[in-house]
Amino acid sequence: PSGGWRLATATGGALSARRVVLATGGRSVPATGSRGWGLEVASALGHTVHPTYPALTPLTAHPHPHAQLAGVSLEARIEAPGTDFRTTDGFLVTHRGWSGPAVLDASHLAVRGRPEGGRQELTVSWTPTIEDRRWDRELQEGAGSVRTALAERLPRSLVDRLLEEAEVARDTSLAQLRREERARVVEHLTAYRLPWTGDEGYKKAEVTGGGVALEEVDPTTLESRVVPDLYLCGELLDAFGPIGGHNFLWAWATGRSAGTGAARSMGTG
């Protein structure tokens with residue numbers, strides 16, 4: 001009423017403040033105590049809050065076709081069909097599905113684009129530095145068994161699984177590998193259709209997607225353009241980046257900007 005804020009606390013007390021910075025975090029990793037409460041506050045105060053979703057989260061599959069490969073890790077390239085998205089990074093097989101930086105970076109597209117129910121797919125190249133034409137040539141010109149040729153670059157357990165799915169006997173010699181068999185092997189190596197049915201949700205998500213509309217905050221001070229003397233930062237805002245420290249940087253940078261913006265508006269920054 002006096003031009004400032006009055007904040008009620010859970011213990012029944014109250015605080016008065018001239019400026020308020022909301023830095024409560026998103027919905028990801030609720031074990032840390034963050035449940036998206038700040039988003040509820042921002043919405044109640046009149047802000048537009050875009051629907052949230054778990055971003056950078058492991059993907060799951062039921063049934064899991066690679067459950068017996070849990071623990072296998074390698075570098076892979078992932079593409080999302082129907083988009084221009086492509087990323088090459090670490091890939092990890094888990095007991096419930098798939099994780100690793102490459103999967104996490106692709107997960108936000110998968111989660112947002114998933115229709116209700118059903119099996120979805122991403123496209124994976126298990127050898128991102130070797131394209132299909134080169135594999136086709138090597139399998140034609142090489143010697144020994146197809147299993148030996150593939151195991152020189154990939155974990156043997158993964159090789160065995162890929163050959164099984166391609167319906168090619170692992171001890172088949174390259175000299176006896178038929179054209180159609182070679183084509184199936186190359187496709188499984190360079191354009192593997194990775195199925196998934198769900199994700200690990202906010203429990204394991206690195207960051208929360210969605211949040212307060214960016215156009216509703218001043219880009220320099222992060223003061224709300226809807227409610228004066230209110231500042232918002234971090235996961236509350238509708239922005240996130242790929243894995244690799246970008247989201248930590250966003251949290252720190254926007255937190256600093258909101259704090260200094262609030263202080264300077266009072267002539268103390």
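The largest pocket holds about 440 Å³ of space. This is a predicted model, where local features need pLDDT of at least 70, side-chain atom pairs count only at pLDDT 80 or more, and totals for chains, interfaces and linings use all residues. Residues are numbered from 1 along each chain as its sequence is written, and side-chain values use heavy atoms, with hydrogens and water left out.

A pocket here is an open set of points on a 1 Å grid over the protein atoms alone, where a 1.4 Å probe fits, with protein on both sides within 12 Å along at least five of seven lines; lining residues have an atom within 4 Å of a point. Volume is the space filled by probe spheres set on the points, which are joined across faces, edges and corners.

What lines the largest pocket? There are 26 residues, and nearest the centre are Glu 206, Val 207, Glu 235, Asn 247 and Phe 248. The largest share, 6 residues, comes from α7. Helices are DSSP runs of H or I with at least four residues, numbered from the N terminus.

Phe 248 sits in that helix, α7, residues 246-265. Is Phe 248 buried or exposed? Phe 248 counts as exposed because its relative accessibility is 56%; buried means under 20%, exposed over 50%, partly exposed in between, with a 1.4 Å probe and protein chains only.

The second largest pocket has about 250 Å³ of space. Its lining has 13 residues, with Leu 7, Val 20, Leu 22, Trp 37 and Val 41 closest to the centre.

Note on methods:
Helices (H or I, at least four residues) and strands (E, at least two) are DSSP runs, numbered from the N terminus.
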